[in-house]
Amino acid sequence: MGILIRQSQILRPDGQFQLGDVLLQQDKITAIAPQIDSVNLEITQIINAEGLTLLPGVIDPQVHFRFVQ
């Protein structure tokens, strides 16, 4: 099972952008490519990210966690 994010502007580690797809399986990024063929994959969700920017693996440092004890 996995999630396929299609046609986003992906920020690569070298700082360049690449138009392409990102495949997530078991909560991990397993593939980044210009186009991922989903025919033989168990995809539970396809997200059309055309026109959006994707930062794979980036965690937002401004997230505020609220714990109630």
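## Ground rules

Contact here means heavy atoms within 4.5 Å. This is a predicted model, where local features need pLDDT of at least 70, side-chain atom pairs count only at pLDDT 80 or more, and totals for chains, interfaces and linings use all residues. Residues are numbered from 1 along each chain as its sequence is written, and side-chain values use heavy atoms, with hydrogens and water left out.

## Ser-8 on β1

Let's start with Ser-8, which sits in strand β1, residues 2-11 (strands are DSSP runs of E, at least two residues, numbered from the N terminus). Skipping anything up to four places away in sequence, Ser-8 touches Gln-18, Leu-19, Gly-20, Ala-49, Leu-52 and Leu-54. Ser-8 counts as buried because its relative accessibility is 1% (buried is under 20% relative accessible area, exposed over 50%, partly exposed in between, using a 1.4 Å probe and protein chains only).

Gln-18 belongs to strand β2. With a relative accessible area of 17%, Gln-18 is buried too. Beyond four places in sequence, its contacts include Ser-8, Gln-9, Ile-10 and Arg-12, plus Ile-32, Ala-33 and Pro-34.

Gln-25 is also in β2, which covers residues 17-25. At 28% relative accessible area, Gln-25 is partly exposed. Leaving out residues up to four places away, Gln-25 touches Met-1, Gly-2, Thr-30 and Leu-41. With Thr-30 there's a side-chain to side-chain polar contact at 3.1 Å (a pair of N or O atoms within 3.5 Å; within protein, one must be able to donate a hydrogen and the other to accept it, and residues adjacent in sequence count only if both atoms are side-chain atoms). As for Glu-42, 17 residues separate it from Gln-25 in sequence, and the C-alpha to C-alpha distance is 9.2 Å.

Conventions:
Helix = DSSP H or I, 4+ residues; strand = E, 2+ residues; numbered from the N terminus.
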